[in-house]
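Work through these exercises with the structure open beside you. Try each task before you read its solution.

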Amino acid sequence: MRLRFIAAALFSVFFQSSFSQTNASTEKRIQQLIKKMTLKEKVGMLHGNSKFYTEEVKHLGIPEWALSDGPHGVRAEMNRHNWQYAGLTDDASTCFPPGTAMAASWNLELAKQRGIVLGEEARYRKKDVLLGPGINIIRSPLCGRNFEYLSEDPFLISQLSINYIKALQTQDVAACVKHFVANNQEQNRFVVDVTMSERALREIYLPGFKASVVDAGVLGVMGAYNKFRGSYCTENEYLGRTLLRDEFEFKGVYMSDWDAVHSTEKAALAGLDLEMGTEKENYNDWYFADPLIKAVKEGRVKESIVDEKVANILRVMIKTKVLDPKTRIKGSINTKEHQQAAYRSAVEAVVLLKNEKQILPLNMSALKSVAIIGDNATRTHCGGGFSSEIKALYEITPLQAMTDKYGKSMQINFAQGYDKQSHVVERSSDGQLNTDKVDWKLIEEAVAQAKKSDVAIVFAGLNHDFDSESFDRLHMRLPYGQETLIQEVAKANPKTIVVIIAGSPLELAGIESRVPAVVWGWYGGMEAGNAVVDVLSGKEFPSGKLPFTMPVTLSQSPAHALGAYPGHDLKVNYEEDILVGYRWFDTKGIEPQYPFGYGLSYTSFEISNVNADKKIYTVNDEIIVKFTIKNAGKTDGAEVVQLYAGQTKASVLRPKKELKAFDKIFLKPGEQKTVDLKVKVKDLAFYDEKSTDWKVEPGEFVLYTATSAKDIVSTLPITVQ
Ligand code: BGC
């Protein structure tokens with residue numbers, strides 16, 4: 001509650017002085033500082049002097065600039081000059097559930113809360129820039145970083161990012177939205193050349209970045225590793241100048257991903273400000289170090305270009321009070337409030353996928369024994385995934401939570417279920433994926449435990465050997481023979497509940513029909529076990545919704561159906577164009593395992609009286625859809641109502657429908673609320689490649705009020721004049 005209050009107070013201040021605004025006194029101060037700097041001092045600010053810092057200019061009171069990963073917690077301190085951890089004893093922090101879980105909550109208040117907590121902890125750890133959020137589109141189910149990203153839908157991504165970034169930046173810390181742009185696969189990420197239509201760029205891949213800059217006033221943007229239309233993102237004029245600076249009027253720092261710079265002149269001219277992570281031992285050899293000084297001296301890069309970059313960095317430093325340390329927020333770390341925020345975030349992420357005969361919630365007081373099965377019952381995840389790994393102050397596993405909460409009142413029968421073999425050991429001599437091996441001994445043990453228990457809960461899914469930066473998965477199936485494990489356990493005990501811990505889509509057809517309940521628990525951060533066990537017991541209710549489509553098989557998924565992943569000859573063209581995620585499934589009439597936006601509740605909701613405020617709109621209007629929602633069941637619950645819009649007939653191919661608004665509504669049993677969802681007619685536009693502008697074509701549109709991309713409660717035709 002306290003957090004909510006602080007957030008609200010800070011927000012009102014924030015709106016009065018948006019970060020995107022610059023003012024005359026700041027600009028004057030920047031110019032005065034630059035005038036007093038030598039070229040060497042300026043250039044010192046434009047590249048790392050270690051893994052995560054840039055050089056100070058002591059005589060001007062400009063300190064080293066401290067950058068840190070990452071999106072869902074403040075990363076532990078690294079050594080200055082290598083990728084080993086420094087081994088400090090005071091750098092543990094709060095670990096939130098990663099991006100997909102944040103998105104699954106569909107709760108903008110929680111995104112704000114996360115921003116505040118991360119900002120407070122970053123400040124406490126004396127960090128100036130927090131490298132997140134990571135908002136690349138979930139294009140392929142296989143992408144190793146899906147768990148860190150948010151969604152397949154640009155609107156959901158934008159709403160969450162705006163709230164997260166604004167809140168974070170109220171704490172005198174800069175956010176750095178990443179990875180700009182089209183870092184949608186990890187395979188070949190350092191070199192792959194991505195091409196896509198301008199329309200796909202504008203409608204799908206850019207909106208999150210644009211919203212972060214224009215609506216949230218993000219102070220940092222990180223250029224991706226990959227190439228975009230032939231040139232590396234960090235030296236791509238179209239990205240760095242045309243879009244970021246000219247169109248979005250970005251006034252902050254455009255920095256490289258770590259070791260993503262490939263040139264001096266080209267990158268400098270294309271608008272990159274800061275080079276980080278280059279793998280050259282001598283920092284003076286980096287592209288934006290001595291070679292940049294040389295380029296200025298030889299007249300290949302004007303000194304004014306260097307000044308522009310220094311100004312961008314100083315501007316962010318001033319906004320976040322780096323240059324005015326006395327007035328700067330001091331922050332706090334590992335407080336009870338922070339842990340409570342991580343817990344709420346984990347609880348609200350949980351998605352109930354199946355609940356036959358209301359087997360859930362479990363009546364824990366009536367149970368004498370429970371079998372807890374699976375490596376994910378005991379595995380911690382916060383410390384995995386590479387750059388987003390967090391040294392969590394603690395991490396509660398599901399088994400630990402079960403034991404703490406119910407160990408005295410019931411018999412808990414644990415079985416490992418499947419063995420963890422690293423993804424890195426890919427194939428054995430018979431060509432089989434090691435990770436696909438079935439371990440019958442472990443299955444027999446699990447079956448024995450399931451047989452003697454009232455209920456069996458299998459904690460299955462992936463871990464950060466799979467969901468990880470720097471490689472993609474090889475397939476979408478459950479690894480380690482888990483499908484067989486679950487089938488055998490379900491035969492032994494029909495009351496088998498499967499809890500999936502993962503951040504990317506998985507093939508579920510082989511288990512879904514065999515068990516009465518499936519829950520998607522994500523990587524739940526430090527409070528993972530408590531959150532998921534409290535949802536299973538009914539202490540908390542499930543209210544998450546899938547932020548991506550769960551295909552039946554990989555081949556259903558657009559990029560894979562079209563053979564447009566991972567590309568050929570280090571080039572990938574996004575053949576599916578704008579039909580990403582549910583846009584593809586809907587438009588092509590393909591039935592997924594579970595649709596985008598899907599998730600059940602322990603209670604039931606009735607949505608009625610859905611009405612639009614008018615039948616005919618003009619381009620400058622705002623459409624208001626009003627409805628009544630009632631909790632018709634016996635327990636508390638929350639429903640995420642989604643408003644989609646589609647154009648009936650258009651001059652170009654349009655997705656059947658696209659998400660335009662949503663709200664998460666909390667209701668007590670019997671309670672009823674009237675809710676408005678709003679969408680500007682302008683936001684019904686498509687990007688018209690002919691006129692290179694957004695276009696609303698007059699005609700009929702349909703507004704779908706829904707509880708998932710497939711569960712449509714009402715369709716309202718409207719006309720746009
Ligand atoms: C990742 C970034 C991260 C950076 C610094 C890179 O490998 O792509 O997301 O912020 O490392 O750790």
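## Exercise 1: An enclosed strand

Val455, Ile457, Phe459 and Gly461 point one way from strand 13, Ala456, Val458 and Ala460 point the other way, and all are buried. The model is a predicted one.

**Task.** Find out how far strand 13 is enclosed, and which strands pair with strand 13.

**Solution.** 

1. Take the strand's extent: strand 13 covers residues 455–461.
2. Apply the cut-off: buried means under 20% relative accessible area.
3. Seven of the seven residues are buried, so strand 13 is largely enclosed by the rest of the structure.
4. Look for one partner. Strand 11 (residues 369–373) pairs with strand 13 in the parallel sense, over four bridges. Here Val370 stands opposite Val455.
5. Look for another partner. Strand 14 (residues 496–501) also runs parallel to strand 13, and six bridges join them. Phe459 faces Val499 across this pairing.
6. Recall the general rule: strands of a sheet pair through backbone hydrogen bonds, either parallel or antiparallel.

## Exercise 2: A nonpolar patch

**Solution.** 

1. List the members: Phe190, Val191 and Leu570 make the patch.
2. Leu570 has a relative accessible area of 43%, so it counts as partly exposed.

## Exercise 3: Around the ligand

**Task.** Which of the 14 residues around the ligand come nearest?

**Solution.** 

1. Pick out the nearest: Asp69, Arg145, His179, Asp257 and Glu469.
2. Take Arg145. An N or O atom of its side chain is 2.7 Å from a ligand oxygen atom.
3. Take Asp257. The distance from a side-chain N or O atom to an oxygen atom of the ligand is 2.6 Å.
4. Take Glu469. A polar side-chain atom is 2.5 Å from an oxygen atom of the ligand.
5. Turn to area. The ligand alone exposes 310 Å², and the protein buries 95% of that.
6. Follow two of these residues further. Arg145 and Glu469 belong to a network of salt bridges that also links Glu148, Glu186 and Arg189.

## Exercise 4: Salt bridges

**Task.** How many salt bridges does the structure hold, and which parts of the chain do the pairs of Arg29 and Glu303 link?

**Solution.** 

1. Start with the total: 49 salt bridges.
2. Examine Arg29 and Asp324. Their closest N and O atoms are 3.1 Å apart. The pair links helix 2 (residues 24–35) to the loop between helix 12 (303–319) and helix 13 (336–349), 295 residues apart. Arg29 is partly exposed at 29%, and Asp324 is partly exposed at 27%.
3. Examine Glu303 and Lys42. Here the closest N and O atoms are 2.6 Å apart. Glu303 in helix 12 and Lys42 in helix 3 (residues 39–44) are 261 residues apart. Glu303 is partly exposed at 33%, whereas Lys42 is buried at 5%.
4. Finish with Glu445 and Lys441, at 3.4 Å between the closest N and O atoms. The two are four residues apart in helix 15 (residues 440–451), so about one helical turn separates them. Glu445 is partly exposed at 35%, and Lys441 is exposed at 60%.

Notes. Residues numbered from 1 in each chain as written. Predicted model: local features only at pLDDT ≥ 70, side-chain atom pairs only at ≥ 80, totals over all residues. Heavy atoms only, no water. Patch = residues over 30% accessible without salt bridge, like charges linked within 9 Å, V, L, I, M, F, W, Y side chains within 5 Å. Areas by Shrake-Rupley, 256 points an atom, 1.4 Å probe, with all protein chains shown as cover. Salt bridge = Lys/Arg side-chain N within 4 Å of Asp/Glu carboxyl O. Buried < 20%, exposed > 50% of the residue type's maximum accessible area, 1.4 Å probe, protein only. Near = heavy atom within 4 Å. Polar contact = N/O pair within 3.5 Å; in protein donor to acceptor, adjacent residues only side chain to side chain. Pairing = 2+ DSSP bridges.
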